[in-house]
Amino acid sequence: VLRRIPWRSVRPRGTQVSLLGYFFDRYEGDHAGNLQQISTALKALGLTMGPTVLAGSSFRECMDAAHSGVLVQLPYLGPVASELESFLADQGRATVKTDLPMGISGTSRWLRQVGDAAHVPSARVEEYISGREAKVRAPLEKMHSRFRGRAMAVFAEPPLAAGLCTILSELSFQPALVGLRGTTLGGAAAFRDTLAR
C-alpha cells in the first residue's frame, strides 16, 4: 500500500499529519475513538489529521496520505520503515518515528515528537499537554487507592505491551508478568527500551 501512494507526484501540505503503521484489526468504535482523540490533539496544535494507513478506510483514502507534510511512523510500520524512508527521501515531508501514544507520559512524549516534526512552537505543545494532563490526572487519582499494589499481567507485542504497562503503572498497578508476542517488532530489549522512554 505504501508503495502505491503517489508520494512523488503530490505536493505535501506542511500542517497535515498522516499516521503510518496504525494497527487496525477490526471495524469497531474503539479504533474510530483512538483516531478521533489523536485528531483532536493535533487540531489543538494547529495541525490537521490526514489519512491513516491503515485504519479500515478505502484504498483511495489511503492514497491521499501523499498530501500530508508530516508522516508519523508508528511501531507497527517496523519491518518496512527503512524501505519507506528510501522512497520518501527528498520529498519535502517530515517523518518521525514514535512509540504508541498510550498513557499520560507516552501521549505527552508523542505530542512533543509530532509537534517538533511539524515545527509547532514548543510553548504551544507544552500548554496543551499541561492542560490535558491536569484534566486526566484528577480522575485517575481517585483510582489509585483501588488499584495500588495489585499485580498485572500483560500479553501483547512489544510496542503495545509497553503502552499497556505505562497505562497500568499510571493507575498504580504493579507489573508482575509480561509475555511478548511475535518477533518482527522486537523482543524483550525493544520492550524495555520503549518502556524506558
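Predicted model: local features only at pLDDT ≥ 70, side-chain atom pairs only at ≥ 80, totals over all residues.
**Which helices and strands do the buried residues of H6 pack against?** They pack against helix H4 (103-117), helix H5 (122-147), strand E5 (151-156), strand E6 (174-180) and helix H7 (188-196).

Residues are numbered from 1 along each chain as its sequence is written, and side-chain values use heavy atoms, with hydrogens and water left out. Helices (H or I, at least four residues) and strands (E, at least two) are DSSP runs, numbered from the N terminus.

**View 1. Helix H6 and its buried residues.** H6 covers residues 158-170, 13 residues in total. From its first C-alpha to its last it reaches 18 Å. That is close to the 18 Å expected at 1.5 Å a residue; the expected span is 1.5 Å times one less than the number of residues. Its buried residues are Pro158, Pro159, Ala161, Ala162, Gly163, Cys165, Thr166 and Glu170. Buried means under 20% relative accessible area, exposed over 50%, and partly exposed in between (1.4 Å probe, protein chains only).

**View 2. Where H4 meets H6.** Two packed helices are described by the angle between their axes and the distance between the axes. Here the axes of H4 and H6 come within 7 Å and cross at roughly 125°. Axes are lines fitted to C-alpha atoms, for helices over the stretch in contact, and angles run from 0 to 180 degrees between N-to-C directions. H4 and H6 are therefore oblique to each other. Angles under 35 degrees count as roughly parallel, over 145 as roughly antiparallel, 65 to 115 as roughly perpendicular, and the rest as oblique. From H4, the residues in contact are Gly103, Ile104, Ser105 and Gly106; from H6, they are Thr166, Ile167 and Glu170. By class, this contact has two nonpolar, four polar and one charged residues. Contact means heavy atoms within 4.5 Å. Ala, Val, Leu, Ile, Met, Phe, Trp, Tyr, Cys and Pro count as nonpolar, Asp, Glu, Lys and Arg as charged, and the others, Gly among them, as polar.

**View 3. A positive phi at Ser172.** Is Ser172 buried or exposed? With a relative accessible area of 10%, Ser172 is buried.

**View 4. A positive phi at His119.** His119 is found in the loop between H4 and H5. Its phi is positive, about 60°, although His119 is not a glycine. At 70% relative accessibility, His119 counts as exposed.

**View 5. The open sheet of four strands.** The order is E2-E1-E3-E4, and the pairing is parallel. E2 and strand E4 (94-97) stand at the edges, each with a single partner strand, so one side of each is left without a neighbour in the sheet. Two strands pair if DSSP finds at least two bridges between them. H4 lies across E1, E3 and E4, running at about 160° to E4.

**View 6. Strand partners, residue by residue.** Two bridges join E1 to E2 (residues 48-49). Val17 has Met49 as its bridge partner in E2. Five bridges join E1 (residues 13-20) to E3 (residues 68-73). Here Ser18 partners Leu71, and Leu19 stands opposite Val72. E3 and E4 pair over four bridges. Val70 has Ala94 as its bridge partner in E4, and Gln73 stands opposite Lys97. E3 is mostly covered: six of its six residues are buried.

**View 7. Ala44 and its contacts.** Ala44 sits in helix H1 (residues 29-44). Ala44 counts as partly exposed, at 29% relative accessibility. Which residues does Ala44 touch, not counting residues up to four places away in sequence? They are Arg124 and Tyr128. Ala44 and Glu127 are 83 residues apart in sequence and 9.9 Å apart in space, C-alpha to C-alpha.

**View 8. A cis peptide bond between Val53 and Leu54.** Omega is about 0° at this bond. Leu54 lies in the loop between E2 and helix H2 (59-63).
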